[in-house]
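Please look at the sequence and the structure as they come up, and I shall then take you through selected features.

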Amino acid sequence: MVDHALRALESIPLARVAGRLVRMNGILLESVGCQLATGQLCRVESAHKTLIDAQAVGFNRDVTYLMPFKQPDGLVAGARVFPEEKAQSVMIGDGWLGRVINGMGEPIDGKGRLPGDDPLPAHPPSINPLTRSPVAEPLDVGVRAINGMLTIGKGQRVGLMAGSGVGKSVLLGMITRQTSAEVVVVGLIGERGREVKEFIDHSLGAAGLAKSIVVAAPADESPLMRLKATELCHTIAAWFRDRGKHVLLLVDSLTRYAMAQREIALSLGEPPATKGYPPSAFGMIPRLVECAGNSQSSGSMTAIYTVLAEGDDQQDPIVDCARAVLDGHIVLTRRLAESGHYPAIDIAQSISRCMSQVTDRAHQQAARQLKQNYASYMDIKPLIPLGGYVPGADPTVDRAVKLFPSIERFLCQDVDDAATLDHTRSRLHTLFPAAKKATE
């Protein structure tokens, strides 16, 4: 008994290693006196004797650069920095459904602690490309324009490209409520704090929240918290996927994730490249989106990322980078939104690279004919008020003008109107019956 007590005493540390805070430069803290590996967590003591969580993000000789997770109030020169030897793991389970959490995995909805028995990995898992299951089944998202013209497959990664105020969040809410996915993980990254509550109450609703997990990191959070929240979304979605669930991941927005990395990288002295973004921002986006998609499990993980096109510029560097690494892009335009066309999806600029793998030939032919007639009408539309369109001169244009009202009704949809994949296909074949007959 005594020997056991003595051995227990030997394991108690006689001193606690601590560094010292020597400088605070904007959002960056500098400490000396203890070794911290990049990515390691630590705690900084404030003048109020509270501990502020931070993470090592870089070093220069014997100076370690720290980034706090929250607003660092009350810091003084010489404050102690305590390294965390082992990060406390977050426990996850099915009880997370219907909850709202922050980037650290802490509940912020006032419903008590999060239940769970399985430790959540600290980082999103990487997938060997040779073990990925192919995208072979369609995912019903409940939006007619997407189901019919830009069909998404289970395991596909898609970008939702749009400027500000064009209806991205409303469209995400429609998809969340009406999708056939079993679990929905929503990441609200860098958005206005007011919109978080409004998205949960109005866009999601009680039915949408019941099968969802919302990870919120509003614009007033630190850039590190916004990075962590985005990565946490992927980790949670991958956990459910690997347990055989069909998961839909919605991240609003990927641009805010890149902006958070830009803040950190520029603080560390990384040189800016395109439009002020450092090279590391363009390297992190592919690493992040490659965590999504299918693995060798029986589940699937489909991801939709909103990408903010600043100034409605579709050649914005983040938009261009996302378009290159994703499996398709859906473009929302201000021109359609201002004309009352909702959702404001421009089918001429949008594409789903996996549509041919998850739809039959009749569906593809009907979608192609709709696109051709839509494009023909948009070409002639400016000339109609000027008297430049003469009926009978071109049968192709005549057909496009005749069909356009039906095409527009097909592409428009009320917020509360659910359009299943089967109903969308049936309506598409009704518009273009020749497409179905040609494939029979």
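Let me begin with a definition: a salt bridge is a side-chain nitrogen of Lys or Arg within 4 Å of a carboxyl oxygen of Asp or Glu. Please bear in mind throughout that this is a predicted model. By that rule, the count comes to 21 salt bridges. Among the residues involved, R132, R157, E290 and D327 are linked in a network.

In one of them, the side chains of E30 and R23 meet with an N to O distance of 3.3 Å. Here E30 counts as buried because its relative accessibility is 11%, whereas R23, at 44%, is partly exposed. Another pair joins R241 to D242, with the closest N and O atoms 3.1 Å apart. R241 is buried, at 2% relative accessibility, while D242 is partly exposed, at 37%. The side chains of R192 and E195 also form a salt bridge, at 2.4 Å from N to O. E195 has a relative accessible area of 18% and is therefore buried, the cut-off being under 20%.

I turn now to the strands. In what order do the strands of the closed barrel run? The order is β1-β2-β5-β4-β3-β6, a barrel of 6 strands with antiparallel pairing. From one strand to the next, the twist averages 45°. A56 stands opposite L66 in β5.

Just after α6, G269 takes a positive phi of about 95°.

Finally, consider Q178, which lies in helix α3 (residues 168–178). Q178 counts as buried, with 15% relative accessibility. Its side chain reaches the backbone oxygen of D417 at 3.4 Å. Beyond its neighbours within four places in sequence, Q178 is in contact with residues including D140, V141, Q413, D416 and A419.

Note on methods. Residues are numbered from 1 along each chain as its sequence is written. This is a predicted model: local features need pLDDT of at least 70, side-chain atom pairs count only at pLDDT 80 or more; totals for chains, interfaces and linings use all residues. Side-chain values use heavy atoms; hydrogens and water are left out. Two strands pair if DSSP finds at least two bridges between them. Helices (H or I, at least four residues) and strands (E, at least two) are DSSP runs, numbered from the N terminus. Axes are lines fitted to C-alpha atoms, for helices over the stretch in contact, and angles run from 0 to 180 degrees between N-to-C directions. Buried means under 20% relative accessible area, exposed over 50%, partly exposed in between (1.4 Å probe, protein chains only). A polar contact is a pair of N or O atoms within 3.5 Å; within protein, one must be able to donate a hydrogen and the other to accept it, and residues adjacent in sequence count only if both atoms are side-chain atoms. Contact means heavy atoms within 4.5 Å.
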